[in-house]
Amino acid sequence: MAIDKVKAYLRERGMDDRVLEFETSSATVELAAAAVGCEPARIAKTLSFHVGERVALVVAAGDARIDNAKFKARFGCKAKMLKAEEAEPLIGHGVGGVCPFAVNDGVDVYLDESLRRFDTVYPAAGSAASAVRLAPDELERCTEPCTWVDVCKLP
């Protein structure tokens, strides 16, 4: 199960005590915000894209949207999201639990600047009923190697 893989990954980084598991689904920004008890913007959603032969995960604030012009300028291609059935085989996590932790080889992780405005954010933890409480700098340390990018726009 992917959540067990994520917990082991975070345990190696001393962050497994930050994993939150819920009785209800946290598979969308709105559901995750309700489960955590925070504003939707603090949910660190992980979006998955095809970038050449690789997969790029962009972790962004829950209220952020991909800015197609910024994405193309940064990655050199149009933003093309993975299909739902591609997520688990290519990333290692299924839809609803996609996160930047314990991902497959060939997956690059990018953290969007939209996250930096918060002291705490909540990315998923490998299942559709989980999250991890982290400060943006802790998220960066837990997802190394990763790169900060500015490919989103805020409402």
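Let's start at Arg 141, which counts as partly exposed, at 44% relative accessibility. On that scale, buried means under 20% relative accessible area, exposed means over 50%, and partly exposed lies in between, using a 1.4 Å probe and protein chains only.

A quick word on the ground rules. This is a predicted model, in which local features need pLDDT of at least 70 and side-chain atom pairs count only at pLDDT 80 or more, while totals for chains, interfaces and linings use all residues. Residues are numbered from 1 along each chain as its sequence is written, and side-chain values use heavy atoms, with hydrogens and water left out.

Back to Arg 141. What does Arg 141 form a salt bridge with? The partner is Asp 137, and the closest N and O atoms are 3.3 Å apart. A salt bridge here is a side-chain nitrogen of Lys or Arg within 4 Å of a carboxyl oxygen of Asp or Glu. Side chains of opposite charge can pair when their charged atoms come close. Asp 137 and Arg 141 sit 4 residues apart in helix α5, residues 136-142, so about one helical turn separates them. Helices and strands, by the way, are DSSP runs numbered from the N terminus: H or I with at least four residues for helices, E with at least two for strands. Asp 137 is partly exposed too, with a relative accessible area of 41%.

Stay in helix α5 for one more residue. Glu 138 is found there. Buried or exposed? Glu 138 counts as buried, at 13% relative accessibility. Setting aside residues up to four places away in sequence, Glu 138 touches Met 15 and Arg 18. Contact means heavy atoms within 4.5 Å.

The whole structure has 11 of them. One joins the side chains of Glu 12 and Arg 13, at 3.3 Å from N to O. Glu 12 is exposed, at 65%. Arg 13 is partly exposed, at 32%. Another links the side chains of Arg 42 and Glu 39, again with 3.3 Å from N to O. Glu 39 is partly exposed, at 41%. This pair belongs to a network: Glu 39, Arg 42 and Asp 119 are linked by salt bridges.

Now the empty space. Rolling a probe the size of a water molecule over the atoms shows where empty space is left. The search runs on a 1 Å grid over the protein atoms alone: a cavity is a set of points where a 1.4 Å probe fits but cannot get out, a pocket is an open set with protein on both sides within 12 Å along at least five of seven lines, and lining residues have an atom within 4 Å of a point. Grid points are joined across faces, edges and corners, and a volume is the space filled by probe spheres set on the points.

How much space lies in the largest pocket? About 400 Å³. Its lining has 24 residues, and Ala 27, Lys 45, Thr 46, Gly 96 and Val 98 lie nearest the centre. Elements giving two or more residues to that lining are α2 (29-36), β2 (43-51), α4 (84-91) and β7 (122-123). The most comes from β2, with 6 residues. By class, the lining has 15 nonpolar, 7 polar and 2 charged residues. Nonpolar covers Ala, Val, Leu, Ile, Met, Phe, Trp, Tyr, Cys and Pro; charged covers Asp, Glu, Lys and Arg; the others, Gly among them, are polar.

Next, the second largest pocket. Its volume is about 160 Å³. Of its 14 lining residues, Val 107, Asp 108, Val 109, Thr 143 and Pro 145 lie nearest the centre. Two or more lining residues come from β6 (107-112) and from β9 (146-149). The largest share, 4 residues, is from β6. The classes are 9 nonpolar, 2 polar and 3 charged.

Two last residues. Ser 26 lies in the loop between β1 (19-21) and α2. Ser 26 is buried, at 6%. The side chain of Ser 26 reaches the backbone nitrogen of Ser 130 at 3.0 Å. Beyond four places in sequence, Ser 26 touches several residues, including Leu 31, Gly 96 and Ala 128.

Finally, Cys 152, in strand β10, residues 152-153. Cys 152 is buried, also at 6%. Where does Cys 152 stand relative to Ser 114? They are 38 residues apart in sequence and 7.1 Å apart in space, C-alpha to C-alpha. Leaving aside neighbours within four places in sequence, the contacts of Cys 152 include Ala 60, Ile 66, Lys 70 and Asp 112.

Definitions and conventions
A polar contact is a pair of N or O atoms within 3.5 Å; within protein, one must be able to donate a hydrogen and the other to accept it, and residues adjacent in sequence count only if both atoms are side-chain atoms.
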